[in-house]
Amino acid sequence: MKFQAPRGTNDVLPSEAMQWRQIERAFEHVMGGMGYGEIRTPMFEEIELFRRSSGETSEVVSKQMYDFHDKGDRHLALKPEGTAPAIRAYLEHSLAQPGQITRLWYFTPIFRYERPQKGRYRQAHQAGIELIGSSSPAADVEVIEAAVRFYEAIGLKDLTVLLNSIGRAEARIKYCQLILDKLSSWLPGQPLESQQRAEKNPLRLLDSKDPSIQAELVGLPSIFESLEPESLAHYRKVERLLERAGISYVQDPTIVRGLDYYNDTVFEIQSSALGAQSSLCGGGRYDGLIQQLGGPTTPAVGFGAGLERARIAREAAGFPLEELSVDVFVAGEPLTESETEAWVRLLRQSGLSATYDFDLRDLKRQLKMADRARATFVILVGPEEISTGVFKIKTMAESRQDEIPREQVVSWLQSRRPRAET
RNA sequence: GCGGAUAUAGCUCAGGGGUUAGAGCGCCUGUCUGUGGCACAGGAGGUCGUGGGUUCAAGACCCAUUAUCCGCCCCA
């Protein structure tokens with residue numbers, strides 16, 4: 001019996017793990033710099049939390065949750081997204097202070113039972129932020145800008161920010177009716193799939209790839225004509241502030257989001273490197289969610305970013321996998337075994353990474369090992385060095401060798417190491 | 001959940017019923033006695049995804065199953 005990782009899950013091996021750490025660190029750094037604090041929430045929650053927040057009819061809740069009953073017969077679900085748990089914790093611990101703004105970031109695995117594809121997995125990782133307590137368009141823009149700055153920080157270019165407004169519930173209902181009216185004579189003969197879609201969320205018909213639907217929708221007025229004046233003004237202000245921030249965007253009426261809690265501003269950031277799963281990140285404003293979860297009426301905005309997709313896009317953009325490396329390989333001889341070990345220990349305690357050959361085979365072989373291990377330096381610890389107190393240090397990439405007195409070795413290495421620990 | 005493709009060495013891939021299954025890269029060893037990379041020579045490594053079936057004979061054909069990829073759907 002051979003085991004393999006469950007469908008739609010991935011092992012992350014050391015060289016790829018380094019990419020992950022860079023991405024996570026960049027996220028933490030960007031969000032920290034904007035005044036966000038980290039929040040960590042459990043891997044699973046009461047299933048009801050997600051039903052109440054994302055909406056019963058959303059695909060995520062109705063079909064894709066990993067849910068289970070525990071031994072106490074609690075009905076739980078592995079979290080399929082990051083916002084609802086963060087808000088739950090925000091309310092549970094009374095982080096809310098009247099009139100104050102709360103900024104949170106998180107990094108979490110998420111779970112969805114879906115058919116896997118590149119960029120779509122059953123366990124994925126999501127990083128996101130929630131800006132709670134402001135209804136200002138400036139808050140929307142801060143959140144969008146945070147996402148953009150994060151992608152810049154990890155070196156991704158050629159991204160597209162897609163922006164839309166879906167207004168408030170009443171405007172949305174009105175607009176959906178418009179869509180249904182437009183399709184009323186056409187819909188009855190259509191596949192069940194389209195009909196169900198029309199029933200659950202007519203807005204979703206807008207981003208259908210079916211050309212016949214698109215043909216039917218020609219001439220449909222823009223959602224902006226149905227928006228309440230406040231929503232429209234909010235949207236226009238977001239546009240102006242984005243321009244002022246130097247963030248280019250494309251207004252896209254097909255961005256409607258799959259989770260029910262959004263209102264007004266919705267956005268996605270896309271990369272062309274990702275095939276069908278082109279969305280790197282999605283978010284928007286959710287002024288009704290906190291009340292829905294039992295809190296006071298509180299406006300909020302946020303986004304969730306898929307990190308697998310960020311990593312794939314980064315790889316497609318030509319970022320190579322990092323090679324594992326060590327700073328120093330200590331080459332010794334059987335005669336100098338204890339001194340060799342002592343050097344390894346000293347270097348490690350001095351903050352340099354160091355390894356050596358346990359078997360202390362011949363020098364040629366040890367140099368080869370050092371090469372394989374991508375050591376920056378090799379220090380030779382032989383009888384000669386020990387008696388004279390002057391050590392030979394090879395800088396591998398430059399094939400050069402320096403002779404350094406014992407007491408200067410550590411500082412010599414530290415000052416020449418390519419880059420400090422990241 | 002629907003449609004399609006793929007699975008052979010650590011990696012990328014050839015082989016399409018008939019002796020001991022191949023290449024490139026990687027890995028190991030030697031040429032090389034305190035000096036890596038390069039070159040040359042040699043070597044290790046495969047129950048051909050898994051389980052059944054057809055056949056004198058299956059890596060190849062058939063069925064099932066698992067996984068990955070592409071499109072739909074959905075979204076991160």
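Helix α1 passes helix α5 in a right-handed crossing, a crossing being right-handed if the near helix is turned clockwise from the far one by less than a right angle and left-handed if anticlockwise. The model is predicted, so that local features need pLDDT of at least 70 and side-chain atom pairs count only at pLDDT 80 or more, whereas totals for chains, interfaces and linings use all residues. Residues are numbered from 1 along each chain as its sequence is written, chains are lettered from A and ligands numbered from 1 in the order in which they are written, and side-chain values use heavy atoms, with hydrogens and water left out.

Helix α1 comprises residues 14-33 and packs against α5 at an angle of about 140 degrees, the two axes lying 9 Å apart. Axes are lines fitted to C-alpha atoms, for helices over the stretch in contact, and angles run from 0 to 180 degrees between N-to-C directions. The two helices, α1 and α5, are therefore oblique to each other; angles under 35 degrees count as roughly parallel, over 145 as roughly antiparallel, 65 to 115 as roughly perpendicular and the rest as oblique. Ile23, Ala26, Phe27, Val30 and Met31 of α1 meet Ala146, Arg149, Phe150 and Ala153 of α5, contact meaning heavy atoms within 4.5 Å. This contact of α1 with α5 has 8 nonpolar residues, no polar residue and 1 charged residue. Ala, Val, Leu, Ile, Met, Phe, Trp, Tyr, Cys and Pro count as nonpolar, Asp, Glu, Lys and Arg as charged, and the others, Gly among them, as polar.

Helix α5 (residues 137-153) also packs with α9 (residues 229-244), at an angle of about 45 degrees and with axes 9 Å apart. That angle makes α5 oblique to α9, and their crossing is right-handed. Pro137, Ala138, Asp140, Val141 and Ile144 of α5 contact His234, Lys237, Val238, Leu241 and Leu242 of α9. By class, 7 nonpolar, 1 polar and 2 charged residues form the contact of α5 with α9.

RNA strand B is surrounded by 47 residues, the closest being Arg257, Arg309, Lys364, Arg365 and Leu380; a residue is near the strand if one of its heavy atoms lies within 4 Å of it. The residues of this surface comprise 11 nonpolar, 14 polar and 22 charged. Helix α13 provides its largest share, 7 residues; helices (H or I, at least four residues) and strands (E, at least two) are DSSP runs, numbered from the N terminus. A side-chain N or O atom of arginine 372 is 2.6 Å from a phosphate oxygen of RNA strand B.

Conventions. A polar contact is a pair of N or O atoms within 3.5 Å; within protein, one must be able to donate a hydrogen and the other to accept it, and residues adjacent in sequence count only if both atoms are side-chain atoms.
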